[in-house]
Amino acid sequence: MSNLSRDDVAHVAMLARIQLEDSELDRLAGQLDQIVDWVGQVNEVAAADVPPMSHPLPLVNVTRPDEVRPSLTAEQALANAPDPEDGRFGVPRILDEE
Amino acid sequence: MSETTPTDAGRDLTRMTAVQMADAMAAGETTSEELVQAHLDRIERLNPALNAFLLVDADGALATAREVDAARAAGEDLPRLAGVPVAVKDIACTQGLTTTAGSRMLEHFVPPYDATIVTRLREARMPILGKTNMDEFAMGSSTEHSAFGPTRNPWDLERIPGGSGGGSSAAVAGFLAPLAIGSDTGGSIRQPAAVTGTVGVKPTYGGVSRYGVIALASSLDQIGPCARTVADAALLHEVLGGHDPMDSTSIDAPVPPVVESVAGASAEDGSLAGLKVGVVKEIGGEGFQPGVQQRFDEALEELRALGAEIVEVSCPHFTHAMAAYYLILPSEASSNLARYDAMRYGRRTTPEDSPSAEQVMAASRDDAFGDEVKRRIILGTYALSSGYYDAYYGQAQKVRTLIARDLEAAFGQADVLVSPTAPTTAFRIGDKLDDPMAMYLNDIATIPANLAGIPGMSIPSGLAPEDGLPVGIQLLAPAMEDQRLYAVGAALEARLARAQGGPVVDRLPEVPTTAPEVPGARHTPGTAGTHTEEVRA
């Protein structure tokens, strides 16, 4: 059974912002199809009335007073940036040129 | 072993347990500096072959050691593990020390802050020897998916040390460190412990802070201790555990009394009288190596001799645990790893011709992520995408509920559950690298604990007769009952050592200083060497 075509994998990879090369697509597509087929067995379990479990703990929001506290300096925050500029993160263009 | 110290020429300090090291320092028989130096010497000699450490912080570790020695000389009251060296999996942020998570993406990432667990190690005044190798972003069961080359098993350099925390397990098993930190999302502490003959504990979910630990799957990840004895693991567990306001999933309750439980354990007949031990019917049998099963059955006999009652329990939904896990983990991972966009930090690849931010992100992620990370991000993105969500991620969450209910029912019949930790002993490097499905099956016994959030421990149960390699037995307990693992684990550990003429770790053969070429391995060890020197400089 084929769940996932090579085109599907390319599409999902783009959704995940991974620009796969052709050779990688060839390698990964078959493996992913096999894995998707296998994990699909969760549907063999009759669980229509079972509540989903997203987490082992009952989660509650944790908040703190909205007060200024010591935090990273601009220099520390930028120390790992690939392209820092004038105390800011340098990023490529976000809008199309056309 | 040839490492010696000037003050005690007959004794190899690296062979001591953490408890013995702490006692020896307290008695004035050795110093933290001598201990740290002995480990640094052994790391220098063996790490080129093992590739257990990605980074060695000799200066930092020695500085901490000297401070501890000075404080002790001044009569200061010190924490129990003060001066005992420790290794940290490269998934935990260490201020000023490169933290890579085994990925090219973070090859040059120097965290501006410490993870809470690292802060706690510093407060416990434990010298940090360095950062240990791991599968990229903790995705794997062999450490072969590290971007910096595989770690090798000290028991046989052609074999894997387990994963994702193979660097920590190899360091502890090879006497390069008495203690190490691991992280366990589906077995990454317990399976490496099993295949290296060491002790590994995944505490109750929320028992140890995840703040500053690079996230894989946030509802499954848990930090825990790697050690050579249950008593050593308990001491490190108490250092790491406890509430942290910086982690919203941290449980606001005292750490379970794990050290106390070990102190009360005994190898004598009847010491576990009244205890019910459940054998999970669904873990074992087909797919489990005969020697693994044999050592497990022998451990059950020892538990009986200790007075425990062995009962069979059934967890019928465990047969679907792997499938549910390999939907839930990639889904959460695809979301967690979305942060690696090469904008604020991380390795950026810029294609030609004035690319857009989106094109830079896609090229950077293709370049810097390895195959396993890409597979899981794509799988998770698919499982969460509209039209497939209900059939995949949604259904997996329902199966997760059923698995948690199975365990709840099982703990109605038994105080602890036991199984083999991993289906086989350590396999050969390269054997499963191109077969992701075969690799995933290593975690079949360990995954249910992560799905349900309960604590689990692996201790050595002996060597498999067919290959002479270590085998582990897994213990599971209900949430926040971690002390049960330690009570039973310590008694069984002592009993097995008595039956087998000593602990498994003591049977480690001499570790060669050079590693053989391994066919099928994509990386050669030592690629991380440049990385190490760069950080030291």
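**A conversation about the model**

Modeller: Ala342(B) is buried, with a relative accessible area of 0%. Please keep in mind that this is a predicted model.

Colleague: Where is Ala342(B) placed in chain B?

Modeller: Ala342(B) sits in the loop between α10 (321-336) and α11 (357-368) of chain B. Its phi is positive, about 60°, although Ala342(B) is not a glycine.

Colleague: Is Asp353(B) buried or exposed?

Modeller: Asp353(B) is exposed, because its relative accessible area of 72% is over the 50% cut-off. Ala342(B), by contrast, is buried at 0%.

Colleague: What about Asp341(B), buried or exposed?

Modeller: Asp341(B) counts as buried, because its relative accessibility is 15% and the limit is under 20%. Asp341(B) is found in the loop between α10 and α11 of chain B.

Colleague: Which backbone nitrogen does the side chain of Asp341(B) reach?

Modeller: The side chain reaches the backbone nitrogen of Met343(B), at 3.1 Å.

Colleague: Let us change topic. Which residues does the cis peptide bond join?

Modeller: The cis bond joins Gly163(B) and Ser164(B), with omega about 10°. Ser164(B) lies in the loop between β3 (128-132) and α5 (166-173) of chain B. Most peptide bonds are trans.

Colleague: Now the helices. How many residues of α12(B) are buried?

Modeller: In α12(B), 13 of the 14 residues are buried, and the helix is mostly covered. This helix of chain B covers residues 371-384 and reaches 20 Å from its first C-alpha to its last, close to the 20 Å expected.

Colleague: In chain A, at what angle do α1 and α2 pack?

Modeller: Helix α1 (residues 6-15) and helix α2 (residues 22-39) of chain A pack at about 110°, with their axes 9 Å apart. α1(A) and α2(A) are therefore roughly perpendicular to each other.

Colleague: Which residues meet there?

Modeller: From α1(A), Arg6(A), Val9(A) and Ala10(A) meet Asp22(A), Leu25(A), Asp26(A), Ala29(A) and Leu32(A) of α2(A). By class, this contact has 5 nonpolar, no polar and 3 charged residues.

Technical notes: Residues are numbered from 1 along each chain as its sequence is written. Chains are lettered from A and ligands numbered from 1 in the order in which they are written. This is a predicted model: local features need pLDDT of at least 70, side-chain atom pairs count only at pLDDT 80 or more; totals for chains, interfaces and linings use all residues. Side-chain values use heavy atoms; hydrogens and water are left out. Helices (H or I, at least four residues) and strands (E, at least two) are DSSP runs, numbered from the N terminus. The expected span of a helix is 1.5 Å times one less than its number of residues. Buried means under 20% relative accessible area, exposed over 50%, partly exposed in between (1.4 Å probe, protein chains only). Axes are lines fitted to C-alpha atoms, for helices over the stretch in contact, and angles run from 0 to 180 degrees between N-to-C directions. Angles under 35 degrees count as roughly parallel, over 145 as roughly antiparallel, 65 to 115 as roughly perpendicular and the rest as oblique. Contact means heavy atoms within 4.5 Å. Ala, Val, Leu, Ile, Met, Phe, Trp, Tyr, Cys and Pro count as nonpolar, Asp, Glu, Lys and Arg as charged, and the others, Gly among them, as polar. A polar contact is a pair of N or O atoms within 3.5 Å; within protein, one must be able to donate a hydrogen and the other to accept it, and residues adjacent in sequence count only if both atoms are side-chain atoms.
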